[in-house]
Structure formats: C-alpha cells, structure tokens
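User: I would like to learn how to read a structural model feature by feature. Could you take me through it, with the general idea and then the case at hand?

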Amino acid sequence: MSKQRVRKLRWSDAEPDDPSTPIDWRIAALILATLFLNFPFWFRCNLYLSVPGPIIRSAGLLLAGALLMTVLFFLGPALATQAARRPLLRVAEDSLGSIPALGLRLCCVCFLVCWMATVIEMPGSWMLPRALGRDVSSFESGLVAGGILVLSFVTGLQTLPVRAKLALFANKLGIAILLAALIRVRDGWPAIWQGFRGSYAGSTISLEWNGLAMLSFYVAPLAFLAADFGYRSRERKQVDTLAVLGLALPLFATLLVVAVIDVATAATGSYQPSLQPNVAMALWAHVASSYLPGLMMLTSITVFGALRFGAKALAESALPMVAGRRVQWAMLAPLIPVIAWVSIQDWQRVSVSLEWPTTCLAVASAVLTVDFATRRWRIEHARRIDWVGTTALLAGLTAALYLPKWIVGADADQRWHPRLLPSYGVGFAVCLIGRTVQRVRVK
C-alpha cells in the first residue's frame with residue numbers, strides 16, 4: 001500500500017525571512033489579492049464605478065479605474081523601491097528627508113490602525129448580532145475583534161512563503177463564497193447583460209468621478225504600502241507584472257463579479273425593496289436562522305488575509321529598523337487593544353479619522369513617482385529635510401484649503417472624499433516643478 005504525501009498548511013516558519021532575497025511576483029500577488037477578496041470590500045465598495053446601462057459599460061469603466069489607480073498609486077513607488085533596492089519607507093526618506101519621513105511613518109501607523117478597525121468592524125460589530133439574533137455589548141464585540149486581531153498578527157508576522165500559503169487559502173475561500181452568492185441568485189442571470197436599471201440625475205462623468213474618488217480612498221493607501229514588494233523584485237519587468245496581474249486584475253475581477261452578483265440579486269426574489277443589492281443579500285436572504293451563524297462565520301474568515309497584510313505593514317511602519325520577533329511584539333502588542341477599541345466606535349467617525357493619513361499616503365505616492373521619473377532615487381543619503389519633496393507633500397495635504405470648491409467639494413460632499421485625487425495632482429505637479437528647477441540649477 002503506497003503512502004500518499006499530504007501537504008500541510010504551516011502557520012509558522014522556523015527559518016527567518018531574508019529581506020535581501022528576491023521573491024517571485026506570484027507570492028506578492030497572492031498576498032495583495034486578499035485586499036479585495038474579503039467581505040468588507042465587497043460590501044462597501046461594490047457599486048462605486050458601476051453605472052446604469054449594459055454590464056459591458058460598467059466592465060469597461062471598472063477596468064479603466066483599476067488600471068488608473070494601479071498606475072497612480074502603486075507603479076511609481078514600486079519601481080522606485082526596485083531601482084533603489086531598499087524598502088519603501090527608506091526610499092521615502094530620500095524624497096522627503098529623514099524628519100518628514102518619520103511623520104510619514106506616523107501617518108502609516110494611523111492609517112493602518114483605523115483601516116484594520118474598519119475591516120474588523122464587520123465581523124465584530126455587524127455580523128455578530130445578526131448571527132446571534134440579539135444585541136451584543138461593546139465589550140463582546142471588542143473581545144471578538146481582539147481575538148481575530150491576535151490570530152491575524154501571529155500569522156501576519158511570519159515569513160513570506162507562509163503568508164503566501166495562508167493568502168492562497170483565503171483567496172480560494174473568497175472566490176468560493178462569491179461563486180456561492182452568484183449561484184444563489186441564478187434566477188437573475190438573464191438580467192445580467194442589461195446591467196443596472198434606473199437613471200442618474202447628473203452626468204456619467206460626475207458619477208464616475210465620485211465613484212473613482214471613493215474607490216481611491218480605499219485603494220490608494222493600500223497600493224502605496226503594497227509598493228514595498230518592489231524592492232524584493234528581481235527586475236523591473238516583475239514589478240510591471242505584479243502591477244497588472246497582482247493588483248489591477250484582482251481589483252477589476254473582484255469588482256466585476258460583485259457587480260454581476262448585485263445585478264442578478266436585484267432581479268430575483270432575494271432582493272429586498274428600497275435596499276441596495278449586495279453580496280450579503282445574495283448570500284443570506286431567506287436563509288434559515290439556524291444556518292445563519294455558520295454561514296456568517298465562514299464569510300468572516302475572508303478578513304484574515306487583509307488583516308495579515310495590515311499587521312505586516314504596521315510592523316514595518318512602526319519599526320524603522322530591523323528587529324527581532326520579541327521587539328516586534330513589544331511594539332505591536334499595545335496596538336491590538338487600540339484597534340479593537342476603534343473598531344467598536346461609530347464607523348462614520350473612524351472614516352473621518354482616515355481622511356488625513358489616507359491623503360498623506362496618496363500624495364506621498366505622487367512624490368515618489370515623480371522622483372523615480374526624474375531619477376531622484378539615485379541619491380542614497382537622505383537629508384534631514386528635502387524641501388522639494390516636503391513642500392510637495394504639504395501642498396497636496398492642504399489642497400482643500402486653497403483649491404476651488406468645485407474641485408475639492410464642499411463640506412457636505414466629504415462622504416465621497418472629493419479632495420483625494422486633486423491632492424494627488426497638486427503634490428505631483430509641485431514635486432515635478434521643483435525637481436525640474438533643481439535639475440536646471442545643477443546643470
């Protein structure tokens with residue numbers, strides 16, 4: 001009788017991860033795909049770039065939006081790290097200076113704490129009472145969030161091969177759940193080609209601009225942090241491949257599948273009038289209450305992949321130098337109760353807290369993109385303050401204070417984050433002008 005070798009999914013690795021060792025782009029792609037193959041992303045970002053009319057029109061807009069955001073927020077910083085062969089925040093020191101780079105690290109930490117709280121809020125405060133069929137206290141929600149965070153940090157601080165294997169499992173689960181949702185609304189499949197019904201009072205351009213701004217609010221800072229994989233790539237071609245197949249394609253495919261599910265849901269008996277069709281409605285409508293807790297628990301597992309990415313990014317942002325596992329835990333352990341506490345706060349307040357750090361990371365990606373294009377990355381010794389990079393960063397951050405309201409939006413429009421893209425544009429323009437003047441003076 002022959003023995004079959006069973007593959008095991010390891011939760012840890014005894015061998016340390018050498019940051020100087022190049023990695024295959026597929027490893028990074030598996031990890032990045034978890035940022036989109038999770039329930040909170042499906043639930044909150046489902047209809048941002050979808051418009052009334054045939055589904056093929058929405059598909060084209062989704063593809064264009066995914067490619068545009070990849071180029072704006074990921075490609076330039078990733079190529080800069082690959083060219084410099086150094087981590088992302090070390091490269092940022094060359095563009096901004098060592099002192100402003102510390103402020104950028106603080107923005108990264110603030111963003112990751114708030115973003116991880118919004119991710120964990122779905123299973124901790126939104127799913128839990130629906131699964132139990134009763135109200136839950138803030139302490140119960142915080143306890144659940146804390147437990148999920150501990151497991152996410154333990155697995156998220158492992159080596160890249162281990163995280164890639166865990167990401168592969170999370171991605172397969174996410175795809176299976178999306179397929180299950182699509183099968184449940186199969187009665188609505190004939191309506192998919194017609195796309196979304198109804199009309200929009202404004203122009204299609206304004207609708208898409210609003211949707212692009214809202215989706216960029218989620219994608220921009222994560223794409224900037226994901227650019228750290230660039231310095232582990234062997235060559236520029238791998239960075240380009242990772243940008244297309246590791247970021248743009250998963251983003252586009254996930255949004256398209258979710259849009260198809262939403263269209264099919266609206267055409268079936270699962271649709272609940274006056275509510276927006278979504279994946280949750282497709283998965284759980286008319287499900288017996290006895291089955292609901294198990295289904296929601298299974299769906300909530302999809303958040304672990306995104307949280308592991310956040311845990312690793314948080315470790316790299318909070319620690320400016322290479323440190324051992326004990327030092328990492330000493331720095332990160334106090335953040336776990338902080339994230340759990342933030343997760344039980346009002347979600348709208350948390351999204352407001354995300355505004356400044358998200359804009360900061362988006363503008364920082366513009367500065368690094370300009371510096372790569374102008375070959376500024378060749379400088380290996382950072383100054384305390386690089387006045388061109390710092391001025392560009394501050395100009396982008398404060399763009400809402402001096403740009404016209406028709407560009408950055410009024411105070412009532414802040415729910416769709418209209419200032420993010422203009423802030424990126426201002427930071428890009430100021431940095432480009434400053435670097436051009438610098439080159440002229442040097443010559």
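User: Is H286 buried or exposed?

Analyst: Before the answer, a word on the basis: this is a predicted model, in which local features need pLDDT of at least 70 and side-chain atom pairs count only at pLDDT 80 or more, while totals for chains, interfaces and linings use all residues. Residues are numbered from 1 along each chain as its sequence is written, and side-chain values use heavy atoms, with hydrogens and water left out. Buried means under 20% relative accessible area, exposed over 50%, and partly exposed in between, with a 1.4 Å probe and protein chains only. H286 has a relative accessible area of 66%, and therefore counts as exposed.

User: Where does H286 lie, and what is its phi?

Analyst: Most residues other than glycine have a negative phi. H286, although not a glycine, has a positive phi of about 60°, and it sits in the loop between α10 (279-284) and α11 (292-300); such helices are DSSP runs of H or I with at least four residues, strands being runs of E with at least two, numbered from the N terminus. R85 also has a positive phi, near 55°, without being glycine, and is found in the loop between α3 (55-84) and α4 (88-96). Its relative accessibility of 43% is why R85 counts as partly exposed.

User: How should I read the span of a helix, and what does α12 show?

Analyst: The expected span is 1.5 Å times one less than the number of residues. Helix α12 (residues 303-318) has 16 residues and reaches 22 Å from first to last C-alpha, close to the 22 Å expected. Of its 16 residues, 14 are buried, so α12 is largely enclosed by the rest of the structure.

User: How many salt bridges does a search of the whole structure find?

Analyst: A salt bridge is a side-chain nitrogen of Lys or Arg within 4 Å of a carboxyl oxygen of Asp or Glu, and the search finds 6 of them. One of them joins R26 and D24 at 2.8 Å, N to O; R26 is partly exposed at 48% relative accessibility, and D24 is partly exposed at 27%. In another, R86 meets D94 with the closest N and O atoms 2.3 Å apart, and both of these residues are buried.

User: Which parts of the chain does the salt bridge between D386 and R435 tie together?

Analyst: The side chains of D386 and R435 meet at 3.1 Å, N to O. D386 lies in the loop between α16 and α17 (387-397) and R435 in helix α20 (residues 420-442), so the pair ties together parts that are 49 residues apart in sequence.

User: What lines the second largest pocket?

Analyst: On a 1 Å grid over the protein atoms alone, a cavity is a set of points where a 1.4 Å probe fits but cannot get out, whereas a pocket is an open set with protein on both sides within 12 Å along at least five of seven lines; lining residues have an atom within 4 Å of a point. The second largest pocket is lined by 30 residues, of which R44, Y48, W347, S351 and H417 lie nearest its centre. The largest share of this lining, 7 residues, comes from α5.
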